[in-house]
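Dear colleague,

Please find the structure below, together with its sequence. My notes on it follow directly after.

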Amino acid sequence: MYEKTFPNKRFKLTLEFLQKHVKTSETIFDFGVPNPFSKIMEENGYTVKNTKGEDLDNDQTALQTEEYTVFTAFEIFEHLLNPYTILENVKCDKLLISIPLRLWFSPAYRSKTDMWDRHYHEFEDWQLDWLLEKTGWKITDRQKFTHPVKKFGFRPLLRYFTPRYYIVVAEKIKA
């Protein structure tokens with residue numbers, strides 16, 4: 001996944017946001033297979049569980065059977081066809097989600113060689129906010145940040161000041 005570039009800025013800002021809102025004593029269920037960021041969370045004292053590679057659009061068993069106090073989904077919701085169902089099945093009271101934002105100057109990402117590495121959703125911030133609201137979550141903090149690339153051109157220039165990532169923390173609304 002990160003053969004040519006490693007997202008140091010994104011990982012640094014995501015870790016800072018996580019540390020601001022989640023104690024190391026809390027158990028994290030990180031949606032998606034083990035990855036470089038789940039390793040970073042563990043290196044920083046967090047207990048992290050991951051999914052096993054199942055088709056998450058069709059199988060939310062792990063959400064119901066694992067024990068966890070915080071749900072995280074870092075850059076995974078854009079790959080799902082139905083994130084609404086996922087959010088309905090989260091059984092804890094706190095979640096952190098980050099997504100790449102839709103960029104008006106760039107098409108949706110689609111790997112031609114890996115069918116799992118495609119973006120079905122290219123979210124705007126209000127769309128994630130609405131999805132969380134509709135599934136019973138209240139956002140308590142949010143942050144946007146850019147992700148410049150070291151290339152020349154008009155689009156790389158736009159990436160210096162156009163937010164590319166959006167991260168939120170939300171709490172389950174008690175009925």
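Asp-93 counts as partly exposed, because its relative accessibility is 38% (buried means under 20% relative accessible area, exposed over 50%, and partly exposed in between, with a 1.4 Å probe and protein chains only). Lys-174 forms a salt bridge with Asp-93, and the closest N and O atoms of this pair are 2.6 Å apart (a salt bridge is a side-chain nitrogen of Lys or Arg within 4 Å of a carboxyl oxygen of Asp or Glu).

Residues are numbered from 1 along each chain as its sequence is written, and side-chain values use heavy atoms, with hydrogens and water left out.

Confidence

The average pLDDT of the protein is 84, and 77% of the residues score at least 70 (pLDDT is the predictor's confidence in each residue, from 0 to 100). Confidence is highest in strand E1 (residues 27–30), at a mean of 97, and lowest in helix H6 (residues 154–158), at 59. Where pLDDT is low, the predicted coordinates should not be read in detail.

Overall architecture

The protein has six helices and six strands (DSSP runs numbered from the N terminus, with helices being H or I of at least four residues and strands E of at least two). Along the sequence they follow the pattern α-β-α-β-α-β-α-β-α-β-α-β. Of the 175 residues, 45% count as buried. Among contacts between residues at least 6 apart in sequence, 64% join residues at least 24 apart (contact means heavy atoms within 4.5 Å).

The sheet

The six strands form an open sheet of mixed pairing, in the order E2-E1-E3-E4-E6-E5 (two strands pair if DSSP finds at least two bridges between them). Strand E2 (47–50) and strand E5 (137–145) stand at the edges with a single partner strand each, so one side of each is left without a neighbour in the sheet. From one strand to the next, the twist averages 20° (axes are lines fitted to C-alpha atoms, for helices over the stretch in contact, and angles run from 0 to 180 degrees between N-to-C directions).

E3 and E4 pair in the parallel sense over four bridges, and Leu-95 in E4 is the bridge partner of Phe-71. E4 and E6 pair in the antiparallel sense over seven bridges, with Pro-100 opposite Tyr-165 in E6. E5 and E6 are also antiparallel, over eight bridges, and here Arg-142 has Val-168 in E6 as its bridge partner. Six of the eight residues of E6 are buried. Helix H2 (residues 36–43) lies across E1, E2 and E3 and runs at about 155° to E2.

What is the place of Lys-94? Lys-94 is in strand E4 (residues 94–100). With a relative accessible area of 17%, Lys-94 is buried. Leaving aside neighbours within four places in sequence, Lys-94 is in contact with residues including His-21, Val-22, Phe-71, Trp-137 and Val-169.

The side chains of Lys-94 and Glu-26 meet in a salt bridge, at 3.3 Å from N to O. Glu-26 lies in the loop between H1 and E1 and Lys-94 in strand E4, so this pair ties together parts that are 68 residues apart in sequence. Glu-26 counts as buried because its relative accessibility is 15%.

A further salt bridge

The count of salt bridges comes to nine. One of them joins Glu-75 and Arg-10, whose closest N and O atoms are 2.2 Å apart. Arg-10 lies in helix H1 (residues 8–21) and Glu-75 in the loop between strand E3 (70–74) and helix H4 (83–89), so the pair ties together parts that are 65 residues apart in sequence. Both Glu-75 and Arg-10 are buried.

Yours sincerely

Notes
Predicted model: local features only at pLDDT ≥ 70, side-chain atom pairs only at ≥ 80, totals over all residues.
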